[in-house]
Amino acid sequence: LPTHFTFNNGKKIPSVGLGTWQSPPGQVRDAVASAIKSGYRHIDCAWAYRNEHEVGEGIKLGGVPREELFITSKLFEFHHKPEHVRLALKDTLKNLGIEYLDLYLMHWPLAAATDPVPEGQIPQDYKYDSDGKKVVDKDLSDNVVPTWRELEKAVDDGLVRSIGISNFNIRRTRLLLKDARIKPVADQVELSFTCPQPELVAWLHKNDILPQAYSPLGSTGASHASLKEIDELAKKHNVEGANILISWQVARGCNPLPKSVTPSRIANNSKLVQLTKEEVDSLEKAALQQPHKRVCDQSDDFKYDIYEEKHPENNDK
Ligand code: A2P
């Protein structure tokens with residue numbers, strides 16, 4: 001299995017990265033440091049995880065030169081206003097204690113409305129309506145290009161090596177591709193044994209955009225690692241279920257980002273297993289037969305699928 005994937009801009013990304021979503025403060029610093037010490041060179045972060053400061057401490061403790069690391073972060077959905085993008089990026093860089101990101105993703109396709117903040121500051125929260133629901137910024141959600149332009153400028157200015165998207169479906173990605181000067185290199189979405197999304201994965205591959213897999217183990221509790229098909233293969237290869245799930249993602253051309261704060265698991269998760277083509281195909285089939293289950297609920301009224309249902313005028317523009 002490959003140790004790296006190559007982006008459409010020629011740059012490389014290590015084929016397994018450490019996820020940091022839901023890694024609690026007080027633990028994530030040591031998790032990141034132990035990952036780097038055990039050989040990880042790829043850490044996946046986000047402003048929204050509210051732990052980048054500690055991740056940054058872990059990166060320093062890891063003791064590896066910056067240029068040997070691959071660090072991703074994400075622009076959060078309430079920082080889409082063009083005047084906030086650079087400020088949010090700088091906040092992330094300051095928290096991580098680094099000068100540039102290897103990859104900066106638009107975390108979600110929809111933009112959240114925010115209450116006004118003083119010039120030079122970034123919003124810290126959503127705007128809520130009188131029913132307590134998050135308010136969508138419709139203009140910046142129907143058209144992400146003004147936000148994307150700011151990400152492109154961050155590449156021009158050397159603050160970011162590559163840019164990409166996250167949680168984008170085919171329709172939204174297609175819309176962005178029409179106007180992008182710099183093509184997204186990756187789309188980070190939920191990809192797992194109960195959420196394999198084969199159509200999206202195939203479409204991204206066809207368009208030379210790397211699918212990155214968050215929650216590859218089924219998230220909290222790693223519930224997929226003990227499923228029958230996974231357990232059988234794990235026994236056969238004499239590894240843990242997590243190794244099968246992670247290796248399967250790499251074998252299907254996706255870039256898994258398993259999260260753990262447990263040093264022994266972190267070290268174990270980066271060991272890839274050479275699966276045969278038959279094994280990969282049978283996992284692919286078995287995944288489609290699972291009851292479809294997502295960790296990251298897309299049916300939140302604010303969010304994506306429902307939003308599109310409510311605004312059919314957006315479809316297939
Ligand atoms: P912990 O962080 O306490 O070690 P995902 O990557 O799908 O989001 O899954 C993350 C969850 O899987 C976390 O609860 C994490 O626990 C757990 N986990 C990570 N690696 C393993 C492993 N090798 N075996 C069992 N559970 C794991």
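This is a predicted model: local features need pLDDT of at least 70, side-chain atom pairs count only at pLDDT 80 or more; totals for chains, interfaces and linings use all residues.
**Around strand E5**

Me: Which helix goes with E5 and E6 in a β-α-β unit?
Reply: Helix H3, residues 82–96, and the unit is right-handed.

Me: What about E4, which way does that strand run relative to E5, parallel or antiparallel?
Reply: Parallel: E4 (residues 42–44) is joined to E5 by three bridges. Within that pairing, Ile43 sits opposite Ile71 of E5. E4 and E5 also make a right-handed β-α-β unit with helix H2, residues 52–62.

Me: OK, so is E5 mostly covered or mostly open?
Reply: Mostly covered. The strand spans residues 70–75, and six of its six residues are buried.

Me: Switching to helices. At what angle do H3 and H5 cross?
Reply: Roughly 40°, and their axes come within 8 Å. H5 covers residues 145–156.

Me: Why call that oblique rather than roughly parallel?
Reply: Because roughly parallel is kept for angles under 35 degrees, and at roughly 40° the H3 and H5 pair is therefore oblique.

Me: Left-handed or right-handed crossing?
Reply: Right-handed, for H3 passing H5.

Me: Which residues meet there?
Reply: From H3, Pro82, Val85, Arg86 and Leu89. On the H5 side they meet Pro146, Thr147, Glu150, Leu151 and Ala154.

Key
Residues are numbered from 1 along each chain as its sequence is written. A residue is buried if 20 or more other C-beta atoms lie within 10 Å of its own, exposed if 12 or fewer, and partly exposed in between; C-beta atoms are placed from the backbone. Helices (H or I, at least four residues) and strands (E, at least two) are DSSP runs, numbered from the N terminus. Two strands pair if DSSP finds at least two bridges between them. A crossover is right-handed if, with the strands pointing away from the viewer, the path from the first strand over the helix to the second runs clockwise. Axes are lines fitted to C-alpha atoms, for helices over the stretch in contact, and angles run from 0 to 180 degrees between N-to-C directions. Angles under 35 degrees count as roughly parallel, over 145 as roughly antiparallel, 65 to 115 as roughly perpendicular and the rest as oblique. A crossing is left-handed if the near helix is turned anticlockwise from the far one by less than a right angle, and right-handed if clockwise. Two residues are in contact if their C-beta atoms, placed from the backbone, lie within 7 Å.
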